[in-house]
Amino acid sequence: ATMEKRILLTLDGHFGDWAVLPLSEHSGVIRIKAHPPLTETLAKILLPFLSNHRQDDFQNQLVIVSSARVRWIRTAQ
C-alpha cells in the first residue's frame, strides 16, 4: 500500500500498536471496528465516513472508525 500510495483498510487491531508496526510516511491506515465484521456492517460505517473526506486527509494518519466514534492519530510528520 505504501509503495503504491494507497490507503490501507484493516480490521486488524494491532495497527494501533506502534511497537509492532512503526509507521513512517504513508498514505493512511483506516482501522475499522465493526461487530459483526460483515460486508453490510462495514459498508454502513465506512461509506458515510469516506464520503466526507479526501484522500489527502489520511496522509500519515491512523484513523480508527466505528459506528460510535472516529479517532485520528498522526503517525508521522
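**A friendly note on salt bridges, helix and sheet**

1. Asp 57 is partly exposed, with a relative accessible area of 28% (buried means under 20%, exposed over 50% and partly exposed in between, using a 1.4 Å probe and protein chains only). Its side chain meets that of Arg 54 in a salt bridge, 3.8 Å from N to O, and Arg 54 is exposed at 55%.

2. Before reading on, note that this is a predicted model: local features need pLDDT of at least 70, side-chain atom pairs count only at pLDDT 80 or more, and totals for chains, interfaces and linings use all residues. Residues are numbered from 1 along each chain as its sequence is written, and side-chain values use heavy atoms, leaving out hydrogens and water.

3. How many salt bridges does a search of the whole structure find? There are three, where a salt bridge is a side-chain nitrogen of Lys or Arg within 4 Å of a carboxyl oxygen of Asp or Glu. One of them links Glu 4 and Arg 6 at 2.7 Å, N to O; Glu 4 is exposed at 55% and Arg 6 at 51%.

4. Glu 40 and Lys 44 also form a salt bridge, with their closest N and O atoms 3.4 Å apart. Both residues are exposed. They lie four residues apart in helix α1, so about one helical turn separates them. Helices here are DSSP runs of H or I with at least four residues, strands are runs of E with at least two, and both are numbered from the N terminus.

5. Now look at the other residues of α1: Thr 41, Leu 42, Ile 45, Leu 46 and Phe 49 are buried. These pack against β1 (8-10), β2 (29-32), β3 (61-65) and β4 (70-74), contact meaning heavy atoms within 4.5 Å.
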